[in-house]
Amino acid sequence: MDRDLVTRAQHGDGAAFDAIAAALLDRLYRIAYLMLREPEAAEDAVQEALVRAWRDLPSLRDPERLEAWMRSLVVHACYDEARRIRRRAPELTLVSGRDAEQVDPLRGLAEREILNRAFRRLSIEHRATVVLRHYLELTLPEIAATLRIPLGTAKSRLHHGERALRAAVEADDRTARGIAG
């Protein structure tokens, strides 16, 4: 991100902030959607993160860290949104999987449903580490910095999140085979 653009935004330049938001919007939405699995909730989380960013941007010490800081704001907005979602009835939302659909559209649909159900069973903290690691390909130190947690906690959350995700997928697979058999 252009340092001058960030500095201008820090000093209240709305157009500069709009340019920053436009440049990062797709990546921020992707994080939110992958964590929350609901388009409307993801949009709400990104909107909240952008509001917080505009309000707190003057306190950002290192303009070079803007994108990492914005990722952190989105993750924390997702935590808040997930708490609100828990109070509502769950909805099924599918994630994309074009490769599986090209081979067998019904199989791809079933696999996405299983993964989506399994992912929803994870705590929001575990979802965050899995998304940051496997979808954004961040390193563990980057994950720890984004989540503002110690490195050891990031490692632990990733390990337990991956294990829980794997167990949930396997359980759904066993159930599906039992029904089909």
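Is Q10 buried or exposed? Q10 is buried, with a relative accessible area of 15%. Buried means under 20% relative accessible area, exposed over 50%, and partly exposed in between (1.4 Å probe, protein chains only).

The model is predicted: local features need pLDDT of at least 70, side-chain atom pairs count only at pLDDT 80 or more, and totals for chains, interfaces and linings use all residues. Residues are numbered from 1 along each chain as its sequence is written, and side-chain values use heavy atoms, with hydrogens and water left out.

**Figure 1. The whole chain has 9 helices and 0 strands.** Helices (H or I, at least four residues) and strands (E, at least two) are DSSP runs, numbered from the N terminus. From that end, the elements read α-α-α-α-α-α-α-α-α. The chain has 181 residues, and 40% of them count as buried. Contact means heavy atoms within 4.5 Å. Take the contacts in the chain with a separation of 6 or more: residues 24 or more positions apart account for 65% of them.

**Figure 2. Q10 sits in helix α1, residues 3-10.** A polar atom of the Q10 side chain lies 2.7 Å from the backbone oxygen of L60. A polar contact is a pair of N or O atoms within 3.5 Å; within protein, one must be able to donate a hydrogen and the other to accept it, and residues adjacent in sequence count only if both atoms are side-chain atoms. Not counting residues up to four places away in sequence, Q10 touches L57, P58, L60 and P63.

**Figure 3. L5 also has its place in helix α1.** L5 is buried, with a relative accessible area of 13%. Leaving aside neighbours within four places in sequence, L5 is in contact with A16, A19 and I20. L5 and P63 are 58 residues apart along the chain, and their C-alpha atoms are separated by 9.2 Å.

**Figure 4. Helix α2 bends by about 50° at L25.** The bend at a residue is the angle between axes fitted to the seven residues ending there and the seven starting there. Helix α2 covers residues 14-36, 23 residues in total. Its end C-alpha atoms are only 29 Å apart, short of the 33 Å that a straight helix would reach at 1.5 Å a residue. The expected span of a helix is 1.5 Å times one less than its number of residues. At the start of α2, a side-chain oxygen of D13 comes to within 3.0 Å of the backbone nitrogen of A15. The buried residues of α2 include A16, F17, I20, A21, L24 and L28. I31, A32, Y33, L34, M35 and L36 are also among them.

**Figure 5. Y29 and Y33 form an aromatic pair in α2.** A search of the whole structure finds 2 aromatic pairs. The ring centres of Y29 and Y33 are 6.1 Å apart and the planes lie at 20°, so this pair is stacked. Rings of Phe, Tyr and Trp (its six-membered ring) pair if their centres lie within 6.5 Å; planes under 30 degrees apart count as stacked, over 60 as edge-to-face and the rest as tilted. The two residues are 4 residues apart, about one turn of the helix. An α-helix has 3.6 residues a turn, so residues three or four places apart point the same way. Y29 counts as partly exposed, at 27% relative accessibility. Y33 is buried, at 15%.

**Figure 6. R37 follows α2.** The phi of R37 is positive, near 65°. R37 lies over the face of F119, at 4.1 Å from the ring centre. A charge sits over a ring if NZ of Lys or CZ of Arg is within 6 Å of the ring centre and within 35 degrees of the ring normal.

**Figure 7. L50 is found in helix α3, residues 39-56.** At 12% relative accessibility, L50 counts as buried. Beyond neighbours within four places in sequence, L50 is in contact with F17, A21, L25, L28 and M70. V74 is 24 residues from L50 in sequence and 8.1 Å from L50 in space, C-alpha to C-alpha.

**Figure 8. E137 and R148 lie in loops.** E137 lies between α7 (124-135) and α8 (140-147). E137 is not a glycine, yet has a positive phi of about 60°. At 61% relative accessibility, E137 counts as exposed. R148 lies in the loop between α8 and α9 (151-180). R148 has a positive phi of about 60° although it is not a glycine. R148 is exposed, with a relative accessible area of 52%.
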